[in-house]
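Reader: I would like a close look at a single helix of this structure, with the terms spelled out as you go. Please take me along it with care.

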Amino acid sequence: MLKKLAPYGKLLVCVLIAMLILATSMAYLPILIEQMLASMFLLKDLLLIQTTSMAIIALFAVRWIFGYISLYFVSRVSGKLGADLRMDFFDKLLSLPVDYYAYLNQNNQIDTLISHINRITQTTVRYIALLVQDCLSIIGLLICTLYLNQEFSLLLLLVTTFIVLMHEMIRSHFNRNNQNNSLTLEELTKHLTQSVKHYRKIRLDGGQADESQRLGSISERLFHTEMQPAKIRAMAIPSSQFMTALMLIAVTYLMALQATNDALSLSEAGALITVALLLIFPLRRIAGIPRQLEHDQEMIETVFSFLDLAPEQDTGTFSIQQLRGKLKFEQVRLNGQIPIKSILNHINLTIRPSDVIVFTGYTEAEKTALIDLILRLRQPSSGKILLDEYPLNEIKINHIHTNIALVSADPFLLDDRIAGNIAYGAMRCANEAKITSAAHASHAMEFIRNMPEGLQTQINKNDNEISSKQLIQLAIARAFLKSAPILILDEVFTTQEPDSANLLFVLETLMQKRTTLIFNQQVPQLKKIDRIVVLENGCITENLKTSGHSQLMQDSRLTKH
């Protein structure tokens, strides 16, 4: 946390200066009260009363100004810290191994981490700021007390601190007992729910008496759990009140003795009482803040443990700018989360450059695993994959991704201009002529011409929404712009559009002179398909060569399961 706050040192200095001024103003208030009482009851000086009143008003005006400055800069620091933590979270999320995403998808881990970040930035920073401000205020009030009456200052500080801490300890103890009561109540509710759920079994076997006895014992335990804090409360609250009364009487008696001996004036007594009242609030907050920070400690550890995770390392060393598109799988096996169960098993397959291969019969997990292996987002448990005769894991990952284009039925859409959706990521520097050419090739220009600002139209703003077919056309335009030698089509042919023949023609144009891997449960009616690979139970069960469109349609029945 301190490292994350370090870049905002100037803002923190401004906060500290504002807090020092606030603490000084609070410490000076009892002195002004002392002057006011002295001018009213001892000096009876009207001019001094007016001057002191104006000084008190000016003091509160100063506190208002610097209170605003303090709160504003604390909010600014916490906001910037939140933005930094969220960006660190996003960057870490995008650099982790893909196997970690399965864990994040369980139990809404991403939502939990985001809420923890918001909690840390909105409350933890504020608690730390309050702790610093209250400590400065207490120091200032202590100095003020020493200035007013040295003998009385230590006693006043000890008594006030003891009273506040005693009340906080009692309240903390009651909170723990309430948590125990909640656990017992949850157990009772759980058993009641279970009894209602299994009412047939209970009535059939005559278990009503057993259930009643079991629930009665839990209810009795709940009663005893509730009575324990009730006894403590009945003893603690009157005792604390009695102790507080004794301390206040002792302080009052000491003040009376000093007043009798002319060692303490009425104005000083009023000022000391003001100090005592002003001490109560910061002391109570300080007593409660450690408990709040302890509660937030777990969130802080969770967030920073995630940020400390090691990102995925690129083990590749070969730099290959342009690939031919040959893929070879040699005894490739990929285990799932349960090691004894494999997702892919003994995959042996050779794909030549410019081949069009249709994969069918697979499950969603098998398809995802195979695509992730080709993109080197996962590593095989055994076996190896060769790309243009180079081991896939020895090629630099950015060179692999540069040579592969992916078009899926669920296209990636940005809240950006149409041009930005086509020239995405590494292609963002493409000029408008290339983007326009890609849009024409995908036939996306047919609907882009009708958009308010053409390629510069913002999507999802000002009601400029587009259809699913248009999204796919933009994804195809992105693939045209990338012009990669390897093309992966993920369930693209499952879309049912009135003019699907037009989309088929566009995809066939995109596939020309590219190694194309088509994942589709039904074999598409394409002019060229070199092979149909049936993937079942993680293994290749059929590897069929095709010769022309008629033979393809005959073999397509093998893919229907």
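Author: A residue is called buried when its relative accessible area is under 20%, exposed when it is over 50%, and partly exposed in between, with a 1.4 Å probe and protein chains only. This is a predicted model, in which local features need pLDDT of at least 70 and side-chain atom pairs count only at pLDDT 80 or more, while totals for chains, interfaces and linings use all residues. Residues are numbered from 1 along each chain as its sequence is written, and side-chain values use heavy atoms, with hydrogens and water left out.

The helix is α13, residues 432–441, and its buried residues are Ile435, Ala438 and Ala439. They lie on the same side of α13 because they cover an arc of only 100° around the axis, the arc being that of the directions from the helix axis to the C-beta atoms. Ala433 and Lys434, on the other side of α13, are exposed. Helices here are DSSP runs (H or I, at least four residues), numbered from the N terminus. Among what covers the buried residues of α13 are α12 (418–422), α14 (445–448) and α15 (468–482), where contact means heavy atoms within 4.5 Å.

As for the ends, Asn431 caps the N-terminal end of α13, with a side-chain oxygen 3.2 Å from the backbone nitrogen of Ala433; a polar contact is a pair of N or O atoms within 3.5 Å, and within protein one must be able to donate a hydrogen and the other to accept it, while residues adjacent in sequence count only if both atoms are side-chain atoms. After α13 comes His443, whose phi is positive, near 65°.

Notes. Helices (H or I, at least four residues) and strands (E, at least two) are DSSP runs, numbered from the N terminus.
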